[in-house]
Amino acid sequence: MKSANELLAGKGTHEAWTPLLEMATREVFELMLGCQLTIPAAAEEPIPEVTAMVGLAGQLCGVLSVRCDGKAAALMTSKMLGVELDKVGPEISDAIGEVCNMVAGNFKNKIAGLAEGCLLSPPTVITGSNYSLHCLAESPGLELRLLFERMPIVISLEIHS
Amino acid sequence: MRKIVERSLRQAGLDLTKVFEAGNGAEALVVLQTNPVDLILCDINMPVMDGLEFIKQLPGVANAKGVPVVMITTEGSESHVVEALSHGARGYIRKPFTPEQVKEHVVPVLEGKS
C-alpha cells in the first residue's frame, strides 16, 4: 500500500484513489443503510438539494462532499435510522452529514499514513435548491457518480494539496 | 449518529431502559450531572468538545465513576485509539459498523469481561 505522499507525488494520483473512494462509499451504504450502490448507465446529475461536506486537513487537505436530491436524502435517512419514509424530518441533515463523515473517514483509513496524518472536520450540510458550489482547489478532484435505489448521488473529493 | 447507534443497540438485542443523548462532550457532561448511566458511547469527532477531551473530563463527574466508555468513530488513527484507551475507554468501534459489531464490543463491556 502506498502512502498518501507517495501517491500525491506520483503520476495519476487522483485516478489511483478513485477505486478506494468507491469502495469506501459502497461499504458505508452496505453496512449502514443495507443497500448496494450501482453504476449508472449514463452520467446523471442529481438536482443538488442536499450537499454534505467534510473537510480534510493534514497530510491531505481537501473537501469530501456527498450531494443528492431531497428524495434520495430522505430515503437514506429512512434506511439509516429505520424510520418510515413519510416520518423523516429535520434529521435528514444529520443523517447525510454522517454518511459523508463515514465515507471520508473510511476513505482516508484505506490509504497508508492518512488515518494518522489526516483529520476530519465535523460535517456541514447545505439544503435548498437555489445554490451553487464553487471549488478553488489547485488540483482536479475525484468525482464518483453512483445510483442509490436508482437515484443519482455524487461523491466528490476536492484536493488542495 | 446517536439515533443510528441506539437503533443498532436495539437491533443487537440489548434491552435499553433509557437513552440520554448529547450533541457534544460538553453537553454530555451536563447530562451526566443529573443522570446516572450504565454505559457511555461516544464519538471522537464532535464540535465544541471532542470525545477525547470528554473522557479526560469524566473522572471529575460523580455519575461517571466506574461507567465503561466505548468510543464510536470514523477515526482509524492508532494514536487516537491509544489516547482514548489511556484515558479509560474500554472499547473502540470504527464506523461504518453493523449491529453485530456493536454488540460484540458493547456486551462484553457491560458484562465486565472487557
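## A loop in chain A

Glu149(A) sits in the loop that joins strand 5 (142–148) to strand 6 (151–159) of chain A. Helices (H or I, at least four residues) and strands (E, at least two) are DSSP runs, numbered from the N terminus. The phi angle of Glu149(A) is near 50°, a positive value in a residue other than glycine. Glu149(A) is partly exposed, because its relative accessible area is 37%; here buried means under 20% relative accessible area, exposed over 50%, and partly exposed in between (1.4 Å probe, protein chains only).

Arg150(A) also belongs to the loop between strand 5 and strand 6 of chain A. Its phi is near 70°, again positive in a residue other than glycine. Arg150(A) has 77% relative accessibility and therefore counts as exposed.

## Basis of the model

The structure is a predicted model, in which local features need pLDDT of at least 70 and side-chain atom pairs count only at pLDDT 80 or more, while totals for chains, interfaces and linings use all residues. Residues are numbered from 1 along each chain as its sequence is written, chains are lettered from A and ligands numbered from 1 in the order in which they are written, and side-chain values use heavy atoms, with hydrogens and water left out.

## Chain A as a whole

Chain A contains five helices and six strands. Along the sequence these elements follow the pattern α-α-β-β-α-α-α-β-β-β-β. The radius of gyration of chain A is 15 Å, which agrees with the value near 15 Å for a compact globule of 161 residues; this radius is taken over C-alpha atoms, and the globule rule is 2.2 Å times the number of residues to the power 0.38. Along the principal axes, the C-alpha atoms of chain A fill a box of roughly 50 × 35 × 30 Å.

Of the 161 residues in chain A, 48% are buried. Contacts (heavy atoms within 4.5 Å) between residues at least 6 apart in sequence join residues at least 24 apart in 66% of cases in this chain. Chain A exposes about 7300 Å², with 55% of that area supplied by carbon and sulfur atoms; accessible areas come from the Shrake-Rupley method with a 1.4 Å probe, and for residues only the protein chains shown count as cover. The chain carries 11 positive and 19 negative side chains, and the centres of the two sets lie 5 Å apart. Lys and Arg count as positive and Asp and Glu as negative, with His and the chain ends not counted; each charge is placed at NZ of Lys, CZ of Arg, CG of Asp or CD of Glu.

Ser65(A) is part of strand 2 (residues 62–68) of chain A. With 9% relative accessibility, Ser65(A) counts as buried. Leaving aside residues up to four places away in sequence, its contacts include Thr51(A), Met53(A), Cys100(A) and Ile155(A).

Glu30(A) lies in helix 2 (residues 13–33) of chain A. Its relative accessibility is 34%, so Glu30(A) counts as partly exposed. Not counting residues up to four places away in sequence, Glu30(A) touches Cys35(A) and Gln36(A). Glu30(A) and Thr77(A) are 47 residues apart in sequence and 14 Å apart in space, C-alpha to C-alpha.

## Chain B as a whole

Chain B has five helices and three strands, arranged along the sequence as α-α-β-α-β-α-β-α. Its radius of gyration is 13 Å, close to the 13 Å given by the globule rule for 114 residues, so chain B is as compact as a globular protein of that length. The C-alpha trace of chain B spans about 30 × 30 × 25 Å along its principal axes.

Buried residues account for 49% of the 114 residues in chain B. The accessible surface of chain B is about 5700 Å², and 50% of it belongs to carbon and sulfur atoms. Chain B has 12 positive and 14 negative side chains, with the centres of the two sets 4 Å apart.

Strand 2 (residues 69–73) of chain B is largely enclosed by the rest of the structure, because five of its five residues are buried. From this strand, Val69(B), Met71(B) and Thr73(B) point one way and Val70(B) and Ile72(B) the other way. Strand 1 (residues 40–42) of chain B pairs with strand 2 in the parallel sense over three bridges; two strands pair if DSSP finds at least two bridges between them. Leu41(B) stands opposite Val70(B).

The peptide bond from Lys95(B) to Pro96(B) is cis, with omega near 0°. Pro96(B) lies in the loop between strand 3 (89–94) and helix 5 (99–110) of chain B.
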